[in-house]
Amino acid sequence: MQEYEAIFIIKINNEEKIKAIKRKIDEMITSEGAKITKRIDTGVKKLAYKINKETEGYYYLLVFKINYKETRAEEKIATKLNTIDEVIKYIVIKREKI
């Protein structure tokens with residue numbers, strides 16, 4: 001299994017809306033056969049520059065694993081994540097084995 005790390009910047013809304021967005025992100029990732037191993041809520045932080053007129057965002061970090069046999073799972077996850085309007089920005093990186 002290959003391990004990935006993803007960080008999301010979510011538009012600041014009420015707490016219930018943020019929880020719903022985090023749940024939606026989790027569901028999108030696990031629907032492609034990935035297993036989430038770690039979730040870290042770093043909370044609201046000021047952005048270095050404005051993104052879509054936003055100056056602050058809620059940071060959410062995930063570590064997950066995808067089975068090597070899942071073909072194009074990374075691309076499918078990225079395509080799904082692009083559909084969430086409340087996510088200002090995200091990045092998914094492959095973790096190297098040490």
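Leaving aside residues up to four places away in sequence, T55 touches K45, K46, L47 and K50, where contact means heavy atoms within 4.5 Å. This is a predicted model, in which local features need pLDDT of at least 70, side-chain atom pairs count only at pLDDT 80 or more, and totals for chains, interfaces and linings use all residues. Residues are numbered from 1 along each chain as its sequence is written, and side-chain values use heavy atoms, with hydrogens and water left out.

T55 sits in strand β3, residues 54-66; strands (E, at least two residues) and helices (H or I, at least four) are DSSP runs, numbered from the N terminus. T55 is partly exposed, at a relative accessible area of 40%. On that scale, buried is under 20%, exposed is over 50%, and partly exposed is in between, with a 1.4 Å probe and protein chains only. From T55 to K11 the C-alpha distance is 9.5 Å, and the two are 44 residues apart in sequence.

Next, E32. This residue lies in the loop between α1 (15-30) and β2 (35-51). E32 is buried, with a relative accessible area of 13%. Its side chain makes a polar contact with the side chain of K80, at 2.9 Å. A polar contact is a pair of N or O atoms within 3.5 Å; within protein, one must be able to donate a hydrogen and the other to accept it, and residues adjacent in sequence count only if both atoms are side-chain atoms.

Last, helix α2, residues 73-81, where A73, I77 and L81 are buried. Viewed down the axis of α2, its buried residues fall within an arc of 70°, so they line one face of the helix. The arc is that of the directions from the helix axis to the C-beta atoms. What covers these buried residues includes β1 (2-10), α1, β3 and β4 (87-94).
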